[in-house]
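Please look through the structure shown below with attention to its overall architecture, its aromatic contacts and a few individual positions.

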Amino acid sequence: MFLIPAAGSTPLSLIRLARSLHADRPVYSFMFAGLEDGQAPHDSIESMASAYLKEMRTVQKTGPWFVGGHCFGGNPAFELARQLEAAGDPASAVIVLESMPPPGAAVPEQSEID
């Protein structure tokens, strides 16, 4: 599972969540570019997701992919899933916690979820 923390936080903010998940599933997280001196932040959610996808593929070459994000992190997680799908290797699950969908995203109606 690959998780993206809330804006301005670090992967450590997700430690309790990671520890509560099944022990057989490794959990990875990303550090936002620009939080450390000398690092430029990503200029878009798309570039952030693209960079994260490159990092993910150093750990795991192909799916199944489980991606998620907390708060702002839900937006790059959604984009990451979109990029995986465009590459023909779609995410098995996208978990978004306390987040809003990105502008223009197709959001299912409640009746479609039930």
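## Overall architecture

This is a predicted model, and the secondary structure of its chain comes to four helices and four strands. Read from the N terminus, these elements follow the order β-α-β-α-β-α-β-α.

Of the 114 residues in the chain, 26% are buried. The accessible surface comes to about 7,200 Å², with 56% of that area belonging to carbon and sulfur atoms. Among contacts with a separation of 6 or more, 70% are between residues 24 or more positions apart.

## Aromatic pairs

The structure holds four aromatic pairs. In one of them, the ring centres of Phe-2 and Tyr-28 are 5.2 Å apart and the ring planes stand at 20°, so the pair is stacked. Because Phe-2 lies in strand β1 (residues 2-4) and Tyr-28 in strand β2 (residues 28-29), this pair ties together parts that are 26 residues apart in sequence. The two partners can also be described by their accessibility: Phe-2 counts as buried, at 3% relative accessibility, whereas Tyr-28, at 34%, counts as partly exposed.

Phe-2 also pairs with Phe-30, and since the ring centres are 6.4 Å apart and the planes are at 25°, this pair is likewise stacked. The pair links distant parts of the chain, with Phe-2 in strand β1 and Phe-30 in the loop between β2 and α2 (45-59), 28 residues apart. Both Phe-2 and Phe-30 are buried. Ring pairs link these residues into a cluster whose members are Phe-2, Tyr-28, Phe-30, Tyr-52 and Trp-65.

Gln-83 is found in helix α3, which spans residues 74-86. Its relative accessibility is 14%, and because the cut-off for a buried residue is under 20%, Gln-83 counts as buried. When neighbours within four places in sequence are left aside, the residues in contact with Gln-83 are Glu-46, Ala-49, Ser-50 and Leu-53.

With a relative accessible area of 30%, Ile-95 is partly exposed.

Technical notes
Residues are numbered from 1 along each chain as its sequence is written. This is a predicted model: local features need pLDDT of at least 70, side-chain atom pairs count only at pLDDT 80 or more; totals for chains, interfaces and linings use all residues. Side-chain values use heavy atoms; hydrogens and water are left out. Helices (H or I, at least four residues) and strands (E, at least two) are DSSP runs, numbered from the N terminus. Buried means under 20% relative accessible area, exposed over 50%, partly exposed in between (1.4 Å probe, protein chains only). Contact means heavy atoms within 4.5 Å. Rings of Phe, Tyr and Trp (its six-membered ring) pair if their centres lie within 6.5 Å; planes under 30 degrees apart count as stacked, over 60 as edge-to-face and the rest as tilted. Accessible areas come from the Shrake-Rupley method with a 1.4 Å probe; for residues, only the protein chains shown count as cover.
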